[in-house]
Amino acid sequence: MENVIDGINHWIGFIPVEFNRMTEKELNHRPMPHKWSKKEILGHLCDSALNNMNRFIKIQYEEQPYVIKSYNQDEWVLVQNYQKRPSGEIVNLFCTLNKQIIHILMNTPNNGLSNLCDIGNNQQKSLEWLIKDYLEHMEHHINNQILIKK
């Protein structure tokens, strides 16, 4: 878990600096009408943090395998209207949520990492897998969408 915690900490430090370097035009630009802007992508990562925080906690005490419920990512971004929010608010939310996730991870007992969850399609994965997947998902969006110059 140390690598995941280090990775999340890296992005908590990096994202505020990177967003401060970008103009509002860059942060608000949607590459296509149905694609998210950089602000909306970071908002999506906040939504991901909220949903995964819930999962990381519940997998530790609910009946196994814990059934992962999906959420409508597009609707979450739309309803929260990240596009119209000040980028600083979204950055602060991202950092705060991920600091809480680190706190949860640091307090997860090693034997809890093997707890199982049902991710759908007749697949069961461990909490450890889900946590690593959370960081991979975050890094995918940051590296392939937020850091790409448009």
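## Strand pairing

In this predicted model, strands β2 and β3 run antiparallel and are joined by four bridges. One of the residue pairs involved is Gly120 with Gln123, the latter lying in β3.

These strands belong to an open sheet of three strands, ordered β1-β2-β3, in which the pairing is mixed. The edge positions are taken by β1 (66–67) and β3; each has a single partner strand, so one side of each is left without a neighbour in the sheet. Strands of a sheet pair through backbone hydrogen bonds, either parallel or antiparallel.

Helix α6 lies across β2 and β3, and runs at about 85 degrees to β3. The helix comprises 20 residues (127–146). At 1.5 Å a residue, α6 should span 28 Å, and the 27 Å between its end C-alpha atoms agrees with that expectation.

Which residues of α6 are buried? They are Leu127, Leu130, Ile131, Tyr134, Leu135, Met138, His141, Ile142 and Ile146. Because these residues cover an arc of only 140 degrees around the axis, they are placed on the same side of α6. An α-helix has 3.6 residues a turn, so residues three or four places apart point the same way.

## His44 in helix α3

His44 is located in helix α3. With a relative accessible area of 0%, His44 is buried.

Apart from neighbours within four places in sequence, His44 is in contact with Trp36, Tyr71, Gln73, Val77, Tyr82, His137 and His141.

## Cysteines

How many disulfides does the structure hold? The number is zero. For Cys46, the closest cysteine sulfur is that of Cys95, at 8.5 Å, which is too far for a bond; a disulfide would require the two sulfur atoms to be within 2.5 Å.

Cys46 counts as buried because its relative accessibility is 1%, where the cut-off for burial is under 20%. Cys117 is likewise buried, with a relative accessible area of 0%.

Key. Residues numbered from 1 in each chain as written. Predicted model: local features only at pLDDT ≥ 70, side-chain atom pairs only at ≥ 80, totals over all residues. Heavy atoms only, no water. Helix = DSSP H or I, 4+ residues; strand = E, 2+ residues; numbered from the N terminus. Expected span 1.5 Å × (residues − 1). Buried < 20%, exposed > 50% of the residue type's maximum accessible area, 1.4 Å probe, protein only. Arc of directions from axis to C-beta. Pairing = 2+ DSSP bridges. Contact = heavy atoms within 4.5 Å. Axes fitted to C-alpha atoms, helices over the stretch in contact; angles between N-to-C directions.
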